[in-house]
Amino acid sequence: MSTENSFGTRTSLSVGGTAVALHSLETLERAGFPAVARLPYSLKILLENLLRREDGRSVTAEDIQALASWDPRAGKTQEIAFMPARVLLQDFTGVPAVVDLAAMRDGVVRLGGSPDQINPLQPAELVIDHSVQVDHFREANAFDLNAQLEFSRNKERYAFLKWGQQAFDNFRVVPPDTGIVHQVNLEYLARVVCLDGTGEGAMAYPDTLVGTDSHTTMVNGLGVVGWGVGGIEAEAAMLGQPISMLIPEVVGFKLSGRLQQGTTATDLVLTITERLRQHGVVGKFVEFFGPGLASLSLADRATLGNMSPEYGSTVAICPIDQMTLDYLTLTGRDARQVALVDAYAKAQGLFGTAGQEPVYATVVEFDLASVVPSIAGPKRPQDRVSLDEAKTAFDGALDGLLGGRPRPVGSTNGNGAGLDHGAVVIAAITSCTNTSNPSVMIAAGLLAQKAVARGLTPKPWVKTTLAPGSLVVTEYLEAAGLMAPLADLGFKLVGYGCTTCIGNSGPLPDDVSAEVRARDLVVTSVLSGNRNFEGRVQPQVRANYLASPPLVVAYALAGRMTMDLTTEPLGQDRDGMDVFLRDVWPSAEEVQTTMAAAVRTEQFISKYAGVFDGDERWRGLAAPTGQRFEWDDASTYVRNPPFFEDLTPEPVAPADVAGARVLATLGDSVTTDHISPAGTIPADGPAGTYLVSCGVDPKDFNSFGSRRGNHEVMMRGTFANIRLRNQLAPGTEGRLDQVSTR
Amino acid sequence: MSIYDAAMRYKAAGVPLVILAGTEYGSGSSRDWAAKGTMLLGVRAVIAASFERIHRSNLVFMGVLPLEFTDGESAESLHLTGRETFDITGVSDGLVPRGNASVRAVAPDGTVTEFTAKVRIDTPDEITYYRHGGILPYVLRELVRDVSR
């Protein structure tokens with residue numbers, strides 16, 4: 001790694017008797033930059049990145065000077081380069097990224113280069129988590145059946161990724177049915193502090209990353225700076241191109257107090273989402289600090305980091321402290337690695353915020369004790385509703401959800417007679433957001449245990465699923481004796497992957513689906529995820545609510561949003577006595593005791609020992625070899641994209657735009673989900689028609705996300721979301737009524 | 001007609017396309033296919049009230065021009081219906097980070113609306129990517145040039 005070392009910051013540090021090299025922020029501070037001491041944590045990490053990458057070209061001494069004397073409150077901005085230590089991918093975004101890299105190998109050859117010029121220069125790790133769908137649930141072997149279907153649907157993509165693993169340097173794949181990328185990153189992949197080389201003189205530096213998934217920020221909980229970027233930017237980063245960015249405005253989020261009994265990290269994160277969306281943090285970094293931070297477990301902090309994109313912020317980070325070190329130890333990280341993190345963070349002024357308070361652009365004060373049990377929905381994560389207002393809020397939202405249609409007679413919401421408006425048809429314990437947090441998972445298990453003991457059962461129309469983000473979760477739930485009661489309530493394991501959180505909910509049961517369609521019902525889902533945009537979770541579900549895992553279980557029992565869980569009974573016990581949520585809600589002490597006994601380091605060590613190995617299905621999968629990929633024009637999953645076909649050695653600058661027509665006129669808050677949906681491919685849309693013309697049966701369409709290696713499908717899916725309202729064609733969704741080519 | 005079919009007809013007729021949008025355009029996810037698909041449909045520019053971070057940069061990385069309404073204007077306040085024909089100047093030369101482009105929209109009845117839009121290409125590097133038709137063509141050219149140097 002070449003560096004100019006203009007400020008003489010390259011020094012050494014003793015870790016367990018071995019001297020490692022580092023670029024010292026303290027040395028820089030003493031060299032005439034006193035402001036360094038009070039830079040926010042995340043900016044210190046960006047500053048170290050500049051020191052280590054100073055080459056006089058991408059990073060100059062002036063860049064370093066600018067950041068080292070940065071006044072976060074001055075309201076100026078300046079461009080800097082950031083070179084992440086590694087790149088994280090998941091399979092929906094990872095397959096097209098590897099497709100692009102493969103196409104670039106062809107492109108480089110066309111321009112007279114050699115294919116090995118296209119190789120990741122730093123570790124790129126891909127976790128396959130986005131493909132498993134929930135076709136089977138509540139069955140004893142639901143997990144195995146879903147995994148089998150997943151393999152039969154995705155064989156081509158998986159073989160392609162296996163090709164990529166052997167073709168590219170520094171590229172590793174975590175096979176399917178192992179975990180969710182951000183949870184695997186948190187529990188295993190994250191280094192927190194990296195060490196290049198071994199022995200004396202090896203270079204230590206902060207772990208940093210970009211990931212091809214918005215929720216990459218989950219690892220911010222560990223003090224690792226990183227965020228989600230598009231696949232294209234990640235590919236450029238892999239090939240050594242610095243991420244160009246403006247020095248961000250850093251908002252300090254000052255926590256005081258403690259969470260009250262009965263509230264969870266999920267309630268907290270939904271409340272913060274609401275608060276920060278109001279405050280406005282789009283494009284900014286958020287840093288948590290203050291006396292309340294010490295009361296938040298590392299897993300709580302990871303939940304806060306996870307939902308950074310929902311706040312709108314680029315990063316939502318907690319500095320390294322003792323909690324970080326304890327978590328690294330708990331999750332089985334090597335003792336020498338923990339010692340390195342400890343020594344490095346302390347030497348660099350990156351440990352805790354006990355000393356001088358950093359200077360933030362603005363500070364938002366927040367009292368943890370103000371958090372109440374909450375859910376968020378029906379369409380946006382920032383639309384928090386306190387649990388005791390959920391019933392009236394749904395009633396208030398219903399007319400909007402009906403889209404102007406009158407409420408059908410005879411379906412007064414709230415009669416509770418059966419499947420009706422407001423019915424919860426999906427209750428999913430899923431998503432890295434929460435399954436990474438043992439306290440809420442154990443709470444869900446304990447609530448299930450108490451509910452089973454009282455003889456409660458979920459409503460028959462609820463599709464109940466459990467899809468954790470790592471193999472460790474089921475280990476500790478099993479150890480705590482909580483898998484059985486969860487299973488009794490229908491929450492059987494359906495997979496280790498994103499499932500419902502990204503729209504892989506699978507179909508509703510036939511009878512439920514038919515009734516929803518026949519009566520045009522506004523039905524709901526409750527999931528422990530981070531996203532609830534319209535049309536995302538399941539095409540038939542119009543309203544989606546984010547909630548903690550124990551509330552997901554509670555809503556499965558209630559079976560409808562049209563009930564106040566704080567005052568109305570969840571059901572009756574065997575003696576006909578009403579059972580209320582408060583009767584089955586576990587205390588914080590119960591959760592703590594169970595967690596302390598059940599969650600153990602050995603579980604992490606044993607489950608992560610073979611994390612790159614995969615099961616027999618993966619190991620037995622035949623994959624092509626060689627440096628360049630042999631494209632198959634008959635493939636409906638992996639096709640050579642047209643991006644580099646007409647590549648000339650010299651660029652042709654873009655011309656002015658003349659005589660352009662409008663393809664779509666859109667309203668506010670159009671999401672990338674609207675522009676390019678990830679879920680179901682409608683059979684009657686252009687993508688579906690294309691696939692049928694290629695001989696693909698609609699039952700084998702799989703999802704848009706899984707077809708991103710085929711640009712023919714993706715082009716046809718662009719702006720085709722069933723919920724996109726194109727004002728050029730009022731009354732229709734995702735369609736255009738006329739073309740004017742003059 | 002589906003958006004795709006419409007885009008393909010425009011493409012066959014050699015007509016460039018634009019998208020008009022409101023605030024927080026492209027929020028929610030780092031999904032780069034939202035930008036790749038937009039580019040492959042033949043969209044040259046997206047004119048929005050505001051963009052979310054990742055999608056904005058993805059558009060630039062794919063060589064699509066993100067333009068922002070200025071002075072609190074919007075498609076609505078300018079009475080743009082989407083039936084207009086658009087000319088955008090200030091792109092082929094004079095493009096600077098966060099600079100301005102001039103947009104001229106001619107409605108079917110001949111009404112001309114002219115307005116200034118902010119070019120949401122935010123950094124000098126992004127200007128370079130845009131001129132190369134995207135970041136990946138740029139990186140490829142650089143890699144080949146580094147070796148032949």
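Reply: Start with helix α15 (residues 438–453) of chain A and helix α19 (residues 549–558) of chain A in this predicted model. Their axes lie 7 Å apart and meet at an angle of about 30°. Angles under 35 degrees count as roughly parallel, so α15(A) is roughly parallel to α19(A).

Which residues make the contact? From α15(A) come Val440(A), Met441(A), Ala443(A), Ala444(A), Leu447(A), Ala448(A) and Ala451(A). From α19(A) come Pro549(A), Pro550(A), Val553(A), Ala554(A) and Leu557(A). By class, the contact holds twelve nonpolar residues, no polar ones and no charged ones. There is a general point about helix geometry here. An α-helix has 3.6 residues a turn, so residues three or four places apart point the same way.

Next, the cysteines. Counted over all chains, the structure has zero disulfides. Cys432(A) is in none, and the nearest cysteine sulfur belongs to Cys501(A), 6.4 Å away. The cut-off for a disulfide is 2.5 Å between sulfur atoms. Cys432(A) is buried, because its relative accessibility is 5%. Cys694(A) has 36% relative accessibility and therefore counts as partly exposed.

Now the contact between the chains. Chain A and chain B bury about 7,500 Å² between them. Carbon and sulfur atoms carry 60% of that area. The contact takes 87 residues from chain A and 76 residues from chain B. On the chain B side, Ile3(B), Arg31(B) and Trp33(B) lose the most area to chain A. Together they make up 11% of what that side buries.

Take Ala7(B), which sits in helix α1 (residues 3–12) of chain B. Ala7(B) has 0% relative accessibility, so it counts as buried. Leaving out residues up to four places away in sequence, Ala7(B) touches Leu663(A), Leu17(B) and Leu41(B). Ala35(B) is 28 residues from Ala7(B) in sequence and 15 Å from it in space, C-alpha to C-alpha.

Arg44(B) belongs to strand β2 (residues 43–48) of chain B. At 23% relative accessibility, Arg44(B) is partly exposed. Its contacts, with neighbours within four places in sequence left aside, reach into both chains. In chain A they are Pro654(A), Ala655(A), Asp656(A) and Val657(A). In chain B they are Pro16(B), Leu17(B), Val64(B), Leu65(B) and Tyr130(B). Val64(B) is 20 residues from Arg44(B) along the chain, with 5.2 Å between the C-alpha atoms.

Helix α1 of chain B comes up again from the chain A side. Helix α25 (residues 686–693) of chain A has the buried residues Pro686(A), Ala687(A), Gly688(A), Tyr690(A) and Leu691(A). These pack against α26 (711–717) of chain A together with α1 of chain B. After α25(A) comes Gly695(A), with a positive phi near 85°.

Which other backbone angles deserve a check? Asp520(A) has a positive phi near 50°, in a residue other than glycine. Asp520(A) lies in the loop between α18 (510–519) and β20 (523–527) of chain A. With a relative accessible area of 35%, Asp520(A) is partly exposed. His79(B) also has a positive phi, near 60°, and is likewise a residue other than glycine. The loop holding His79(B) runs between β3 (65–69) and β4 (85–89) of chain B. His79(B) is exposed, because its relative accessibility is 66%.

There is a cis peptide bond too. It joins Gly377(A) and Pro378(A), with omega about 10°. Pro378(A) sits in the loop between β16 (374–376) and β17 (384–386) of chain A.

Arg405(A) is partly exposed, at 34% relative accessibility. In sequence, Arg405(A) and Glu534(A) are 129 residues apart. In space they are 18 Å apart, C-alpha to C-alpha.

Terms used:
Residues numbered from 1 in each chain as written. Chains lettered and ligands numbered in written order. Predicted model: local features only at pLDDT ≥ 70, side-chain atom pairs only at ≥ 80, totals over all residues. Heavy atoms only, no water. Axes fitted to C-alpha atoms, helices over the stretch in contact; angles between N-to-C directions. Helix = DSSP H or I, 4+ residues; strand = E, 2+ residues; numbered from the N terminus. Parallel < 35°, antiparallel > 145°, perpendicular 65-115°, else oblique. Contact = heavy atoms within 4.5 Å. Nonpolar A, V, L, I, M, F, W, Y, C, P; charged D, E, K, R; others polar. Buried < 20%, exposed > 50% of the residue type's maximum accessible area, 1.4 Å probe, protein only. Buried area = accessible area lost by both parts, 1.4 Å probe.
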